[in-house]
Amino acid sequence: MKIKIFFTLLACTIIAQLNAQDRRSNPIVSHMFTADPSAHVWDDGRLYVYPSTDNAPPKGYKTMDGYHVFSTDDMITWKDHGEILHSSQVEWGRKEGGFMWAPDCAYKNGTYYYYFPHPSGTDFKKTWKIGVATSTKPASDFKVQGYIEGLESLIDPCVFIDDDGQAYLYHGGPDIAHAYKLKENMMEIDGERHIITGLDGFREGLFIFKRENLYYAMYPDDFPKYNKMRYAVSDNPFGPFECKGVFLDHTDIITMHGSAVEFKDQWYVFYHNGSLSGGIPTNRSICFEPLEFNEDGTINMVRQTLGVELPTFHKDINFNGMMGTLALGDYTQSDLKQAGILPNDISSIEIPEGYVVEGFEQDNFKGKSWTFKENRIDLNEMGCNDKISSLKISKSKVENLVKNASFELATQGQVKYWFNRAPRPFVRTKDDTASGYYALQYKGSEKPKALVQKVSLSPNTTYELSAKLKVEKGTLGEVIFDTNGSFDNTAKFDLDAKTKAGEWVSFKSEFNSGDLTEIELRCITSEGFDGAGYWDDVVLQKK
């Protein structure tokens with residue numbers, strides 16, 4: 001057992017960090033891709049988020065096909081209630097399916113009304129409808145009732161119910177927003193159409209909420225390449241609105257979409273980014289941040305957060321049931337208990353970049369051990385769920401410029417930071433002989449498109465590049481790792497089964513970047529490849 005001379009200081013650090021992380025880190029859904037969050041608080045006291053769902057591998061927005069619901073009562077642990085609606089359940093919808101875009105939900109007189117955009121015909125641009133599904137429960141048993149008639153072919157519904165019980169429907173995009181009163185049945189418009197004005201730079205995704213008798217309209221703008229979130233205010237739900245500017249900056253992907261809600265005396269804004277996929281525009285993830293208002297009703301600029309500052313330990317998978325965080329050091333069972341982390345009860349771990357977490361099956365760092373350098377949403381995959389009794393937290397000694405270097409991180413099979421428009425031929429596979437717990441595999445009889453990662457370089461700098469390759473016995477052709485022509489004379493690694501089969505082979509080389517400021521690292525096979533090849537432990541570092 002390592003005696004901690006400065007235990008009091010360490011305990012203060014732990015307590016301070018716990019206080020700093022009394023909320024779920026972003027993104028709040030880690031096991032699937034979600035976007036366009038609409039957040040609401042219902043009478044049961046829970047906060048519910050109704051997002052759209054992105055597919056993996058990425059196939060574009062047209063293939064978005066169903067909706068899940070997530071909820072929380074503490075902003076720390078989030079429950080996935082499962083899929084509540086799919087395009088196959090929409091009888092009036094397009095036969096090809098897909099196009100289940102940004103939804104919303106409202107509650108009135110004992111019924112939950114779920115509003116979703118979906119085309120009724122093959123020509124989706126001309127046949128958008130706002131569908132309505134109802135349930136007596138907030139997260140299950142929704143039945144499609146039809147769609148709201150009399151609307152133009154627009155998307156992104158938002159339903160706002162004012163203090164007097166009057167419901168309003170908003171929808172629009174691109175570049176135009178319409179609003180109507182709804183009848184008491186919540187499924188028919190009542191009266192004339194209103195065009196919402198004052199939304200400078202409006203793109204789509206209008207969301208309306210009310211605070212202290214002021215109506216707020218928040219929406220993604222049309223800022224080139226990356227949308228930002230703006231807001232406007234009015235004393236009337238139909239406007240005119242006065243734009244107050246940007247309050248949420250762009251993320252790492254082009255789209256922006258969100259909502260705002262008050263929960264337990266704190267306002268929050270919900271939005272999405274591309275952090276879980278490494279920036280793939282159609283593999284998004286929902287997030288939230290505190291929303292702060294000034295005395296005059298204006299909104300302060302929102303600070304976006306991502307991940308955790310210290311390794312964080314959870315008693316449930318998918319980063320739910322947060323127990324606490326740990327700084328650098330060695331922790332016995334007694335130490336873990338004092339930090340609020342129950343030994344033999346850890347099911348998932350968040351690990352910031354640069355940290356290494358080593359878990360031991362027995363107290364005092366004995367028995368079988370597991371080493372992690374990346375987030376682990378489910379320790380069942382490594383066979384150590386609820387088995388870790390003591391821990392060591394350290395910093396990595398290698399400053400690797402490659403992200404997800406051992407292909408350990410993946411969501412719904414989509415390997416993070418490594419890109420390919422059709423990545424399915426490449427899969428992350430369990431491999432007990434790999435550097436970590438997984439390796440990248442291609443198994444097939446044709447040459448796939450390369451799986452790539454682009455890395456920034458400093459000019460005129462010497463770098464060392466290394467990787468491990470493996471091929472199965474009987475495989476024809478070569479498994480290749482290269483720099484897509486930039487330094488193939490010195491940094492192209494290839495392996496065939498005749499040279500070595502069934503074992504990992506390590507490769508290493510050096511190159512000077514010269515005038516280049518970026519390099520494309522590629523996993524690929526040779527022409528005529530037939531069999532199975534593997535990649536692992538890619539490292540690029542300055543010499």
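Modeller: Buried means under 20% relative accessible area, exposed over 50%, and partly exposed in between (1.4 Å probe, protein chains only). This is a predicted model, in which local features need pLDDT of at least 70 and side-chain atom pairs count only at pLDDT 80 or more, while totals for chains, interfaces and linings use all residues. Residues are numbered from 1 along each chain as its sequence is written, and side-chain values use heavy atoms, with hydrogens and water left out.

Biologist: How many salt bridges does a search of the whole structure find?

Modeller: A salt bridge is a side-chain nitrogen of Lys or Arg within 4 Å of a carboxyl oxygen of Asp or Glu. For salt bridges, the search of the whole structure gives 25.

Biologist: How many residues apart in sequence are the parts that R193 and E152 tie together?

Modeller: The side chains of R193 and E152 form a salt bridge at 2.3 Å, N to O. Because R193 belongs to strand 12 (residues 189–195) and E152 to the loop between strand 8 (143–147) and strand 9 (158–161), the parts tied together are separated in sequence by 41 residues. Strands (E, at least two residues) are DSSP runs, numbered from the N terminus, and the separation asked for is 41 residues.

Biologist: Is E527 buried or exposed?

Modeller: E527 meets K447 in a salt bridge (3.6 Å, N to O). This pair links distant parts of the chain, 80 residues apart. K447 has 37% relative accessibility and counts as partly exposed, whereas E527, at 62%, counts as exposed.

Biologist: Which residue forms a salt bridge with D482?

Modeller: D482 is buried, with a relative accessible area of 2%. Its closest N and O atoms in the bridge are 2.9 Å apart, and the partner is R522.

Notes:
Helix = DSSP H or I, 4+ residues; strand = E, 2+ residues; numbered from the N terminus.
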